[in-house]
Amino acid sequence: MSSPTPLPQIAGYAIVLGLGFTFALFMNTITWIQVKFSKFSPNSASEFSAASRSLKTGLVVAGIVSSWTWSLTLLQSATQSYTMGISGGYWYAASGMLQITAFSIIASKVKINANRATTFAEVAYVRFGTMGHLSFLWCGIVCNAVVSSCILIGAGSVVTALTGINQYASLFLIPVGVAAYVAAGGLRATFICDATHTFVLLLILIGFSFYIIAVSDIVGSPGKLYDLLHSAAERWPVEGNYHGSYLTFRSRPGGIFAIQGLITGIGLVACDQGYWSRAIASNPSTTARAYFLGGIAWFSVPFCCGTMLGLTARGLGTLPDFPALSAHELGAGLAAVRTVSYLMGTTGSVLMLLLVFLSVTSALSAELIATSTLLSYDVYRHYFRPQATSQEIVTASRYLTALWAVFSASLASILCAVGITLGWLFYFLGVLTASGAIPIALTFLWKDLSKAGAVVGSIGGMIVALVVWLVTAKVYMGAISLDTLSNEWVSFAGNSAALLSGGILSVGLSLWRPANFDWEKVRQMAIVQEVSIPSSSSDGKDQDEGGPEGKWKVQDTKISENVQVVASEQSPLMADCLDIYQLNKTFKLYIVRSAALAFVVAIAIPAPLAGISYVFSREFFVFVMAVMFIWLFFAFFLVAILPLVESRRTLLKVLRAILHLESH
């Protein structure tokens, strides 16, 4: 007989269906306002898939924070701190942040070398032909499939634990509302969704943190939490931690997890089209800055979940009435859920349900638009309809958005049915994606990357990683099973093999026979042409000249009697209004900034704490709590305040137009 849940099933359906459709209606209203009172229409392929390449820093920062804040982020970071101590949540946050900020370097090169691309796979076709295109397309689809499953499985486990809804029902119901507003509004709608969701999400996290540390009768202060964690270390010391403490950075499991998290993050950032979409959609002058600030802002989310929810769950475990977590519940990421439900009762359960719903819908919206973009541009347009017009691509994207929602729910259901948990998928992600990281990044950074290096590095590296992962489980653990494959050393071997083999194969083969690629071939890619049809014509015939003449080749300006295809006769760099000198300067600047940040976060802070075999004092633990709050408020400013400040003139203009105070 199942144990009672904190909330009734009706609460789960109210959130999953009621709030989902309410938000879809709200977002579709925003899209209608955008169409009526602005120059951007989601019926344009450029607007639907790339937000007309016009987004400013704040909205891109919100999109980055939101798309990287999966249910996995909220739940697994708490699990890592629960099992490993404070270093677990820190390394989860640091490893992900470093990958996002490092993408600021690549984002500058995207603008310089491939500003006309819509997907990273398009560039692979121009550089490496069909084999390279299919290899990168495979990496992207596989990554998006696993990420979509992670997002849904994490959300489904929380909804089921809190309300008792059938988990398979939640897996299929959650994507419905998300697909509705993504299909209508495209990428810009997902950015607006991201900003709205992340605003509420950060407010809830700030509320949880204040309640635990200042209001709760059970915890109520950093000092009380400090005492609870010392008691927990006496009862359940962490194997591999200094003195078994939860408040030390001298941690063997924490160090191993740091490397695994780093590798997983590298693979996800490089292979997930969602990150490329944001680099492409942002204004060229703000792309690198947006990624750098987005990574810094995102750090606050898993660090808060790990420090406040995960450590608190471990400390509360010393109390006799705190519900014990089974291995399956821990693997499902329920440590954070148990914490807020125990301390805040029904209010905490409702807020946690809302928190996870917000994270899953915004993150899933990013995956839906990313995958539909890959499928519409790199499958539909490339292999089935090379002459596809802008409107046809948008139509295909909308159907593919719905298709991917059903596919990801089905895949998540299959994974749940065979017993795969959120924690297992986290360790598997790096094995499956990290091999493509270096070849994909070098496609935009290094002219000597060869076709053989790109193909063998991405696909061959994936095969090598899977073999190493399975063989290590058999040799080290004696059998291949779900449990042995998620062992820390087995996962470490698979993750390391993926990144190293992908890098060695791609770089080695390219040094052997360098490509010496001419970047102008990518810079002169044709974007999908927008077609303007005059109100009157001389002969009454419609001639659609909007499709590309060949696969991603340059088109000249063409004018028929009825249809004008908008294309520039200038050089690509001038036509795209790119300041190459400034972009190269930005590229170098963010190499320095990213390296400096990596040094501080990965070496300057943790190395001394680990090297001196230090267990946090009460005063230092209070200091860490204060830093966490400051970081949360800084992230809130970047995500909630900055987009409003940057868009204030546009918002005022739209408001006046709505109120008929000025003509549009």
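1. C305 counts as buried at 1% relative accessibility, where buried means under 20% relative accessible area, exposed over 50% and partly exposed in between (1.4 Å probe, protein chains only). C305 is in no disulfide, and the nearest cysteine sulfur, that of C304, lies 5.5 Å away; a disulfide is a pair of cysteine sulfur atoms within 2.5 Å. The count of disulfides comes to 0.

2. This is a predicted model, in which local features need pLDDT of at least 70 and side-chain atom pairs count only at pLDDT 80 or more, while totals for chains, interfaces and linings use all residues. Residues are numbered from 1 along each chain as its sequence is written, and side-chain values use heavy atoms, with hydrogens and water left out.

3. The structure holds 6 salt bridges, a salt bridge being a side-chain nitrogen of Lys or Arg within 4 Å of a carboxyl oxygen of Asp or Glu. One of them joins the side chains of R381 and E122 (3.5 Å, N to O). R381 belongs to helix α13 (residues 335-384) and E122 to helix α6 (residues 120-163), so that this pair links parts of the chain 259 residues apart, helices being DSSP runs (H or I, at least four residues) numbered from the N terminus. Both R381 and E122 are buried.

4. D227 forms a salt bridge with R618, with the closest N and O atoms 2.8 Å apart. D227 lies in helix α8 (residues 222-235) and R618 in helix α24 (residues 618-646), 391 residues apart. D227 is partly exposed at 34% relative accessibility, and R618 is partly exposed with a relative accessible area of 35%.

How values were computed. Helices (H or I, at least four residues) and strands (E, at least two) are DSSP runs, numbered from the N terminus.
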